[in-house]
Amino acid sequence: MCLYFPMPAKMINNDQEQEYFSRSLTLGLKYLLQTQSINGVWTDFWVPPVGTSDAWVTAYVGLALEKLSASPFLSLKNQLLARKAALKAGAWLLTNNPNQFQGFAFNEKVIGDADSTSYGISLLARLGLTPPPETVAFLWQHYLEGKGFQTYDFTNPQHNWTDPAVDITAAAVRALGETGELTKDQISTFWQKELAPWQQDNGWWSGYWWETPFYATGLILKLWDWAGRPDPVPRP
């Protein structure tokens, strides 16, 4: 499974590098197409006793392929294949949600969460498929004013999974921006007030669900770039 970050063509110094990069993307696409199920799903992360994740993984990979479908380093044929696979994933999310659009989940055995829901919304929005209003409303239910988004909206406030987290907040704000729920200025405000203050002295952000800071930092910086690269609000 891969997440594709677009590389500007100006960073490719010669034909040999371009060929190497194109081949890498082509092989990555081939693997992802081979591992997609006939109904459009990818699965990963087996966790006892609930099993493997499907909705989060499908949305995550679908987003990578949606971005890959516009890559200048892929042939037109492979661009179309990437787009087709992403659309298939989006269609599955819309028609196979056991939570009746009250958010997407790790899989059908557990309740919906803000992380899976954010990725599902983002994929649908980028594909031009309207996310159900109930799903967007479900995501908002996980927002704690002035603190960010929590993964789960449990009734037990002492549970760690109900704590706001920067990786969840960044994914949620991105999704709400892609649906038009948040304007660019509002995204900038979210970034300044609820993400920038959590940056560590070494420049990284650490998410709750990841052992390394790379995922959270990459997502937060992409959101910062989208918001117009706002200046961080000085820490109190």
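**Contacts, core and strands**

Analyst: Happy to! In this predicted model, Leu139 touches Ala114, Thr117, Ser118, Ile121, Phe149, Ala172, Ala175 and Leu176, leaving aside residues up to four places away in sequence.

User: What makes these count as contacts of Leu139?

Analyst: Contact means heavy atoms within 4.5 Å, and Ala114 and Phe149 are among the residues that Leu139 touches in this sense.

User: Which residues touch the most other members of the largest nonpolar core?

Analyst: Leu139 is one of them, along with Trp42, Leu65, Tyr119 and Phe149, in a core of 56 residues. At least two core residues come from each of the helices H1 (15-35), H2, H3, H4 (114-126), H5 (133-140), H6 (166-178), H7 (184-194) and H8 (214-226). H2 gives the largest share, 9 residues.

User: Why is Ser71 called buried?

Analyst: The cut-off for buried is under 20% relative accessible area. Ser71 has 1% relative accessibility, so it counts as buried. Ser71 sits in the loop between helix H2 (55-68) and helix H3 (76-95). Ser71 and Leu25 are 46 residues apart in sequence, with their C-alpha atoms 9.2 Å apart in space.

User: How do you know that strands S1 and S2 pair?

Analyst: Pairing needs at least two bridges, and 2 bridges join S1 (residues 44-47) to S2 (residues 51-53), so the two strands pair. They run antiparallel, and Asp44 stands opposite Ser53 in S2. The link from S1 to S2 is a hairpin through 3 residues.

Key:
Residues are numbered from 1 along each chain as its sequence is written. This is a predicted model: local features need pLDDT of at least 70, side-chain atom pairs count only at pLDDT 80 or more; totals for chains, interfaces and linings use all residues. Side-chain values use heavy atoms; hydrogens and water are left out. Helices (H or I, at least four residues) and strands (E, at least two) are DSSP runs, numbered from the N terminus. Buried means under 20% relative accessible area, exposed over 50%, partly exposed in between (1.4 Å probe, protein chains only). A nonpolar core is a set of buried Ala, Val, Leu, Ile, Met, Phe, Trp, Tyr and Cys residues joined through side-chain atoms within 4.5 Å.
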